[in-house]
Amino acid sequence: MKFLLGELKPKGKMFTWFNVISIPIMLLGLVLIVIRFWKGIGSITNLTQEVPWGLWIGFDVVTGVAFAGGAYVITFMVYILNMKSYHSIVRVTVLNGFLAYVFYAGALLLDLGRPWNVINPIIGNGFGTSSVLFLVAWHFLLYMIAELIEFSPAIAEWLGAKRAVKILSGMTLAAVIFGITLSTLHQSGLGALYLMAKEKIHPLWYSEFIPILFFVSSIFAGLSMVIFEGSITNKVFSDQISEERHKDHNRILRGLSKICAGAMFAYFFLQILVFVHSKNWAYLSTKMGYWYLTEMLGFVLLPMLLFYYSYKRNHILLIKLAAVLTMLGIIINRLNVTVIGFRWDAAVHYIPSWMEIVVTMAVIFTEIWIFRWVVNRLPVLRESPLWTHQKH
Amino acid sequence: MSFLGGSKLNAKPAAKDPVEFKAILYDSTRCVGCQSCEFSCAEAHGLPEPEDYLEVGKVRKTNENCRTVVNAYETSKGEVYVKRQCMHCNQPACASACLTQAMHKTEEGPVIWRGDKCMGCRYCMVSCPFDVPKFEYHSANPKINKCTMCFERLQEGKLPACVENCPAEALVFGTRRELIAEARRRIAENPDVYYDHIYGETEAGGTSFLYLSPVPFEELGFNTKVQNSSYPELTKGFLYSVPSIFVLWPMILLGIQDATKKLNHKKTDDHE
């Protein structure tokens with residue numbers, strides 16, 4: 001008990017730039033959330049009867065989950081393909097993925113009008129099995145459990161529970177296989193959610209292939225997030241990372257950039273096929289057409305080439321730039337399907353209110369706070385305690 | 001397939017009488033734009049009385065307090081009125097979208113909303129091609145508001161409120177089959193009066209609200225982009241792939257895992 005209480009205390013300086021910016025936003029977000037539950041969703045959002053899903057779904061959930069895809073890709077590489085050289089980033093990636101799901105699926109609760117009924121599809125007060133959202137809801141829940149199991153050895157090591165470490169580590173492979181299967185289905189499922197909104201989404205972004213496009217793009221979305229987040233954590237938490245791991249990090253980034261380039265090539269090729277088959281040439285010379293070309297050329301083709309070039313030349317800074325461009329591209333793509341291209345022909349467009357943006361930022365900052373709390377205590381970046389190595 | 005003993009396989013369950021979908025036929029050549037349907041609907045469901053009147057050029061919409069509206073359109077054949085409400089699709093997008101079955105296609109045809117199941121996710125609104133379900137954005141306990149074809153009244157043996165109170169007989173209630181036959185008869189008998197199409201016969205896979213009009217439906221602000229097959233059909237391919245991925249993926253992953261593990265052992269053996 002004393003140990004836990006001690007660990008709860010904050011570590012490190014309180015007056016950092018990050019804290020000074022994030023604390024007021026988190027407090028303001030909290031106030032807004034109270035207003036939302038008191039006066040209704042319309043009191044702080046600009047949602048309308050025609051556009052019922054806005055920033056909280058389009059960005060927090062749909063984009064957030066794509067970025068969290070790194071966990072299933074990295075665990076696939078390390079545990080299924082046995083690419084052991086990526087082992088050092090498994091824990092931090094899984095932790096990030098887990099927290100992303102908890103917070104972004106958690107943000108979903110803010111968007112539910114009747115959140116007290118959220119348990120209904122689980123307990124069977126209506127198994128809506130014909131619903132894509134039913135699948136996505138179950139998968140979010142199951143995937144969070146799978147990721148918690150994958151991460152649990154770190155918790156056991158922190159608590160010094162030697163037997164638990166052994167048992168929980170034994171469950172990793174099963175959790176990984178289950179997790180990858182779930183991810184395949186719900187990453188594509190998030191796209192499949194929009195299949196019935198056929199006439200509402202701009203034809204350049206609507207096709208029956210949205211699920212496949214969402215799945216393929218989640219691979220490099222997740223990896224770009226791993227590159228981006230890894231570059232930041234390596235600086236911020238550099239005291240926890242051994243010399244050896246620091247050197248190793250650049251090699252990992254280079255490997256990831258090769259995979260990103262490959263996945264993006266597949267994605268770009270798919271997009272071309274979809275475009276040609278849907279015969280949407282006429283739209284290209286419209287405003288939305290220019291925007292579509294910007295997305296495809298500036299935020300898919302360009303970062304793809306950058307990834308390949310920087311992999312060949314071993315240019316670490318360019319890899320990071322490519323990752324940022326790719327992430328912007330994913331944000332643009334997901335918002336184009338869910339918000340910008342949704343009801344593009346309506347007289348009045350939905351633009352998120354400042355309060356929706358503040359709540360979104362508050363959710364992200366809270367997640368980073370929890371992430372920092374965990375990394376400062378658990379063996380995520382730093383080496384596992386010595387006793388874990390003395391198995392035999 | 002009869003050689004497989006098909007007659008037995010195809011036998012219908014004997015116990016239950018098949019229930020036919022109920023429907024409403026709206027004939028805009030008869031509608032006089034009196035809004036009686038709006039007022040009676042509000043009264044029947046305890047909603048506030050409509051405060052604005054229809055006007056050519058003004059598109060009024062249903063909302064969280066109003067389940068049906070009548071609008072006026074200036075067309076090639078003069079002023080035409082159109083009543084709007086839920087279309088009660090045969091295979092509703094909203095009901096297939098609903099993860100708790102709160103949106104529900106009843107056996108009798110009306111599509112209803114059940115508050116004890118609904119979690120307020122608004123996926124029904126995203127999916128509905130006619131933008132029918134409306135959400136109470138300014139309530140801490142929000143409900144979805146939409147026409148239910150007066151399902152409770154139907155169960156008491158009454159007519160839907162709008163049908164009962166229409167003074168011009170523009171609205172007729174019956175089984176969907178009867179009403180399509182009736183609509184066809186009207187078109188055949190007065191080909192000069194009617195535009196030769198029943199909106200709702202095939203739209204969105206068929207609906208239980210059927211429309212007759214003197215002019216093409218795009219002149220009346222109808223969604224004519226709506227597809228003729230049902231909307232749940234669009235997600236079928238994805239949902240059907242789920243079980244196969246669920247079974248095959250773990251097998252394939254285990255196989256790859258096993259193969260690469262052996263490869264890795266070989267590699268490390270070579271190094272040592």
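In chain B, the C-alpha centres of domain 1 and domain 2 lie 51 Å apart. The structure is a predicted model, in which local features need pLDDT of at least 70, side-chain atom pairs count only at pLDDT 80 or more, and totals for chains, interfaces and linings use all residues. Residues are numbered from 1 along each chain as its sequence is written, while chains are lettered from A in the order in which they are written.

**Domains of chain B**
- The assignment, whose bounds come from an automatic or database source, gives domain 1 as 22-220 and domain 2 as 235-272.

**Where the chains touch**
- In chain A, 46 residues are in contact (C-beta atoms, placed from the backbone, within 7 Å) with 50 residues of chain B.
- On the side of chain A that touches chain B, H9(A) gives the most, with six residues.

**Helices H5 and H14 of chain A**
- H5(A), residues 90-111, and H14(A), residues 354-375, pack at an angle of about 150° with their axes 10 Å apart, the axes being lines fitted to C-alpha atoms over the stretch in contact and the angles running from 0 to 180 degrees between N-to-C directions.
- Residues of H5(A) including A:Leu95 and A:Phe103 meet residues of H14(A), among them A:Val359 and A:Phe371.

Notes. Contact = placed C-beta atoms within 7 Å. Helix = DSSP H or I, 4+ residues; strand = E, 2+ residues; numbered from the N terminus.
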